[in-house]
Amino acid sequence: MKSKIQPPRLADSLFLWYCERASVEDLHGDVEELFYADLEKHSLFRAKLKYWQRIFSLIFSYALRQRKRRAAYHPYSSGINTAILSNYFKTAVRNLAKNKFYAGLNIFGLSLGMSLSLLFISILVFIYRYDNFHTKRDQIYRVITQVHDDVDNPIYASTPADLGYVLEQELPGIEKVVSIQGTLNGEADYEEKKMPVRGYFTEPEFFEVFDFPLLKGNPATALKEPNSILITEKEAEKIFGSKDPVGEVLTIPPYGEMTVTGVLKDVPKNSHLTFGALASYSTLLSAGQQNQQLSEASWTNFTDSYVYFLLPEGSSSDAVENFLSQLAKDRYPKDDFLASFSVQRLNDIVPGVEVYNAIGPSWDHLSILLVALTTLIILIPACANYVNLSISQSLKRMKEIGVRKVMGGQRRQIFFQFIVETTLSMMIALFLSYFFFELIRGEFHKMLAEADSMDMTPNFITLICSIGFALLVGVLAGIVPALYFSKINPLNALKSMVSIPTRKFRLPGRKIMLTVQYGMSLGFIMAVVIMLQQYRYSMNYDFGFRRENILDVALQDVKPQLFRNEFGKLAAVQSISMSSNILGLDYSAVKFIKDESQQDSTAVATISIDDNFIDNFGLHLIAGSNFSSDQNSNLRHIIINEEMVKAFNLGDAFSAVGKTLLLNDDKEVSILGVVKNFHYTSLRQPIGAFFFTSDPSEFQYANLSMPLTNRFDDLTQMEVAWKALDSNHKVKAQYFSDEIGDAYSFYFVVIKLWGFLGLLAVTVASIGLLGTVAFTIGNRLKEVSIRKVMGASTESVVFMLSKDFLLLIFIATIVTVPIVYFLFTKILVQMQYYSVSVGVSEIVVSVLLLAILGLTTIFSQTIRAANANPVDHMRGD
Amino acid sequence: MKGYLGEFEELVLLTIASLLDNAYGVSIKTYIDERTSRSISIGALHSTITRLEEKGYLSSHLGEPTQERGGRSKRLYEVTQTGKLALHQMKNLRDDLWVAAAQNLSLTK
């Protein structure tokens, strides 16, 4: 009777299913025994219910969880011990040594990728160490201003000059407020020597807030008196040599005589405040530059004033924040100018949000992100190649994995083994990449705008970070192969039947990856070629004036007439003209000019020249005449370009001559002549309205026309002539054609950068292709041998082996060319108004270059395979 | 003292000791159920036994298969030397505390 009643079958099977391989015989027995005991006391239904309850109570119990865990592993394979780790290590080293070719390719590719990453890491480490030397850095804040103009709403690092004063006076609870004025920028005069000095005006509190130690002088008093100045050790040595600078007097116009009250330790490179000198804030007040205290106007002007403040330990900036927002409402009640203030923690300044008027070097998040992205563009393909090549080699390692699994190796352990292998390769790559890093570091230093204030020498933190990063990348790159290997069924592995799952991997992923890499490489090559073409185009562009054989000399303090007299004596100088700016560069002045009938003046670019200028530069006068040698009549005349005739509706060139315009709202000038359009500014801007004036007081440069026959002699003669005019300054002269060249040198920076990235991308892509081709051919050696024995020609075999890869490069080309073409047609026009469009020749050259690289890679392998003696590969069978 | 002995753990250990060589899941459960007049769940009991085994206070072996358990074996438990030590330590501690607290705990007062 009893034997007929059985515990619920469903509960039993659920229990057994859940327990998997765990040994639960006793538990199962227990519940069954309890079930029969229950039957004697309770109804069948009640007993079954209790049975279910107990099953669930066991399923969720700690006991079962532990038993399952114990059952999952072989008693000898539990955990990972040092013996097995050293075995993994040994296997990894042997495997690398056995496949020197693939291992070499892999590691080389990875190390290229890592070298860029090292660079990025060292930049990042440097940035995150910014301003970390201030002991009170968690309590230091600065006030920033946001202007609400409904367009960009730009944020400025600077504030109105009086804000610091207001904050100090009206808000309790701030420990220290320090105002900084960034305008100390001039030439310090000391005993006939002139040295440029750059720094800030600031208050004595500066030293209580920030940690800039003084080597000499008292920080409490050094910046108290007007006209006192502190200079850094480096500057002091430049100006005073070995002499003790304290107490010496420097003359810095327009502030006058400044007494040196101390010497500062040099500012560390990771400081966002950078200065060569600090002058007392009271200097400004006494010099009358700053005494618009609390006036209306000063609140809309905040170009060079910065306010920092120190809060007591542990207090929040909310109170200041509230005060500032109220202040902004009070100060800017009108709608025409709206601004708000907020506070920024010192720790958030670098790296931080992008601000205008930054006080020193700045790194915003976006540019960091861009650098990171560039790094990844190279690193990801390198890692992808690694994954690709390791899986390709999987066939050779099937037996090893099969044996490991049969001997009790768990999935998790096989996984770990391959992670160890990848990490090992990564470490070797990291070591190698250091050499690449050293190679590129110097170059990169030159390319980055903020580089001069950067310190990228590797240190301990960089080392730790890069090892950590390499480990991370190693694990990430290892995951795919490790998962793949750990999944292998040991039976199939030992029977060598795993070629079936490899096909899954082989088909789309690998080819897409290679195609993308080749596409990217082509993109970089095209970019470089197009940029080169663009540079050549700009250099050979007809600016509409003469560039050769002209030497521009900065007049500095020399009177133009004196200069002309002295330099006119030199034999090599054919003619001399004067100008206020240099043609063809970005910076020409702008003046306001209007027609008598017009209401508002228009801003028009202008250069002030003398009567020789037009001849000297070979400009073409269409109508009217040149300036004369009569200074006074020159001042009342202007010469305009064709574009200005159109812009001011002056009819044609001839009728424009003689008409009068109003300069700066009040001065009547008449048009003396009209010149043919020429590029007075750089090619980036279109030619607009332009006019020449002739005002000797504005002359900054002398343009000497002299043949370049014997440069060296001429230059020494000139230096002698210059000495007679001005012994304080050095002569500053530059060939005009060089200056024009310099203006376009940014193309070179771009070319260098992209060229370098392109080189890396191409190398990585070629490594990937080489590995894949070599592997594919390695697998097809028998097929090739049979074909050859059957009478196939070498050419047909080469074609057969290469065609898949040729197709791949072809697809990459087809996809990339239009993308790059459209991208650059857009970019070029934005970069430069007068730009060359992307031509067929550039595309052809780039594609050819890539094809040569790709074909060499492919054919180097396929031809060798096709020429091999069939006997070598078939002997074994 | 290695590991902390909880109230329930102590109870289970003592039960296993008093059941001599017939300490297995069901017998322990019924013994405790009867004595404390509370019904403990089989899951909780086995979890505690597992923990005690991990602490080294218990050892176990599989017994002979039995008919009323669907032909399945019992797992029989035994208190180890460390288990005994732990129990003694616990008892000593209790005794000391009882002596110290005797005055306050006197029910006659």
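Q: Which residues of β21(A) are buried on one side and which on the other?

A: In this predicted model, A:Tyr701, A:Asn703 and A:Ser705 are buried on one side of β21(A), and A:Ala702 and A:Leu704 are buried on the other, so both faces are covered. In a regular strand the side chains alternate between the two faces of the sheet.

Q: What makes β21(A) largely enclosed by the rest of the structure?

A: A residue is buried if 20 or more other C-beta atoms lie within 10 Å of its own. Five of the five residues of β21(A) are buried, so the strand is largely enclosed.

Q: Where does β21(A) stand in its sheet, and what is the order of the strands?

A: The order is β13-β21-β12-β22 in chain A, which places β21(A) between β13(A) and β12(A). The sheet is open, has four strands and shows antiparallel pairing. From one strand to the next, the twist averages 25 degrees.

Q: Why are β13 and β22 of chain A called edge strands?

A: Each of them, β13 (575-579) and β22 (733-735), pairs on one side only.

Q: How do you know that β12(A) and β21(A) pair?

A: Pairing requires at least two bridges between two strands. Strand β12 (residues 550-554) and strand β21 (residues 701-705) of chain A have five bridges, so they count as paired, in the antiparallel sense. Among the residues involved, A:Asp552 stands opposite A:Asn703, and A:Val553 has A:Ala702 as its bridge partner.

Q: What joins β13(A) to β21(A)?

A: Five bridges join these strands, which run antiparallel. At least two bridges are needed, so this too is a pair. One of the contacts along β21(A) is that of A:Tyr701, the bridge partner of A:Ser579.

Q: Which helices lie across strands of this sheet?

A: Helix α19 (residues 560-568) of chain A lies across β13 and β21 of chain A and runs at about 160 degrees to β13(A). Helix α25 (residues 736-743) of chain A lies across β12 and β22 of chain A, at about 80 degrees to β22(A).

Q: Why is A:Val573 called buried?

A: The cut-off is 20 or more other C-beta atoms within 10 Å. A:Val573 has 20, so A:Val573 is buried. This residue is found in the loop between α19 and β13 of chain A, and touches A:Phe567, A:Gly568, A:Leu704 and A:Met706, leaving aside residues up to four places away in sequence. A:Val573 and A:Leu704 are 131 residues apart in sequence, yet 6.2 Å apart in space, C-alpha to C-alpha.

Q: What makes α1(B) roughly perpendicular to α3(B)?

A: Helix α1 (residues 7-18) of chain B packs against α3(B) at an angle of about 85 degrees, with the axes 10 Å apart. That angle is within 65 to 115 degrees, so the two helices are roughly perpendicular. B:Phe8, B:Glu9, B:Val12 and B:Leu13 of α1(B) meet B:Thr48, B:Ile49, B:Arg51 and B:Leu52 of α3(B). By class, this contact has five nonpolar, one polar and two charged residues.

Q: How many residues does each chain give to the contact between chains A and B, and which element of chain B gives the most?

A: Chain B gives 19 residues and chain A gives 19 residues. On the side of chain B, α3(B) gives the most, with seven residues.

Key: Residues numbered from 1 in each chain as written. Chains lettered and ligands numbered in written order. Predicted model: local features only at pLDDT ≥ 70, side-chain atom pairs only at ≥ 80, totals over all residues. Contact = placed C-beta atoms within 7 Å. Axes fitted to C-alpha atoms, helices over the stretch in contact; angles between N-to-C directions. Parallel < 35°, antiparallel > 145°, perpendicular 65-115°, else oblique. Nonpolar A, V, L, I, M, F, W, Y, C, P; charged D, E, K, R; others polar. Buried ≥ 20, exposed ≤ 12 C-beta atoms within 10 Å, placed from the backbone.
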